[in-house]
Amino acid sequence: MLRRKIKFTDKKHSRPGMVSSALGLASALTVLGLFAAAYVRRGQAGRAVAVLGFLALLLAGAGVYYGVLGMREEDTYRLFPQLGTGLNLLLLAGFAAIYILGW
């Protein structure tokens with residue numbers, strides 16, 4: 001017998017959570033592109049890559065902020081806020097590691 005799951009809820013996806021996830025994805029793609037550019041130039045990528053890296057850092061910081069806002073909302077699903085906050089915190093930890101190691 002086939003049973004259907006029907007949810008009777010008014011929950012919606014959190015808009016700040018979706019923004020957080022989008023910012024995390026944009027920051028991650030930017031960082032990957034910057035790593036590729038630095039690799040192609042054999043580590044001599046220049047100021048443009050540094051400025052874009054700082055922009056990716058700011059995007060990750062904003063993503064954490066919006067993720068926390070999304071988790072504080074009531075009657076919303078927690079998928080996107082948790083996903084975005086986790087991704088952005090991981091990126092911030094990577095930026096901290098790069099800074100500490102002097103890479």
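The buried residues of helix H1 are Pro-16, Gly-17, Ser-20, Ser-21, Leu-23, Gly-24, Ser-27, Ala-28, Val-31 and Leu-34, where buried means under 20% relative accessible area, exposed means over 50%, and partly exposed lies in between, with a 1.4 Å probe and protein chains only as cover. This is a predicted model, in which local features need a pLDDT of at least 70 and side-chain atom pairs count only at pLDDT 80 or more, while totals for chains, interfaces and linings use all residues. Residues are numbered from 1 along each chain as its sequence is written, and side-chain values use heavy atoms, with hydrogens and water left out.

H1 covers residues 15–40; helices (H or I, at least four residues) and strands (E, at least two) are DSSP runs numbered from the N terminus. The 26 residues of H1 should span 38 Å at 1.5 Å a residue, and the end C-alpha atoms are 37 Å apart, which agrees; the expected span is 1.5 Å times one less than the number of residues. The cover over the buried residues of H1 includes H2 and H3, and this cover is judged by contact, meaning heavy atoms within 4.5 Å.

Helix H2 takes in residues 47–72, and its buried residues are Val-49, Gly-53, Ala-56, Ala-60, Gly-63, Val-64, Gly-67 and Gly-70. An α-helix has 3.6 residues a turn, so residues three or four places apart point the same way. The buried residues of H2 pack against H1, E2 and H3. Leu-58 and Leu-101 are separated by 43 residues in sequence, and their C-alpha atoms are 20 Å apart in space.

Helix H3, residues 79–101, has 23 residues and reaches 33 Å from its first C-alpha to its last, close to the 33 Å expected at 1.5 Å a residue. In H3 the buried residues are Pro-81, Gly-84, Thr-85, Asn-88, Leu-91 and Phe-95, and what covers them includes H1, H2 and E2.

Which residues does Asn-88 touch, not counting residues up to four places away in sequence? They are Ser-20, Leu-23, Gly-24, Leu-59, Ala-60, Gly-63 and Val-64. Asn-88 counts as buried because its relative accessibility is 0%. A polar atom of the Asn-88 side chain lies 3.1 Å from the backbone oxygen of Ser-20, a residue that is itself among those buried in H1.

Thr-85 is likewise in H3, and it counts as buried because its relative accessibility is 8%. With residues up to four places away in sequence left out, Thr-85 touches Ser-20, Val-64, Gly-67, Val-68 and Met-71. The side chain of Thr-85 also reaches the backbone oxygen of Pro-81 at 2.7 Å.

The loops bring a few positive phi values into view. Arg-42, in the loop between H1 and H2, has a positive phi of about 55° although it is not a glycine, and Arg-42 counts as exposed because its relative accessible area is 74%. Asp-75 lies in the loop between H2 and strand E2 (76–77), with a positive phi near 55° in a residue other than glycine; Asp-75 counts as exposed because its relative accessibility is 58%. After H3 comes Gly-102, whose phi is positive, near 75°.

Helix H2 gives the largest share of the nonpolar patch, three residues, whereas Val-19 is found in H1 and counts as partly exposed because its relative accessibility is 33%.

Note on methods: A polar contact is a pair of N or O atoms within 3.5 Å; within protein, one must be able to donate a hydrogen and the other to accept it, and residues adjacent in sequence count only if both atoms are side-chain atoms.
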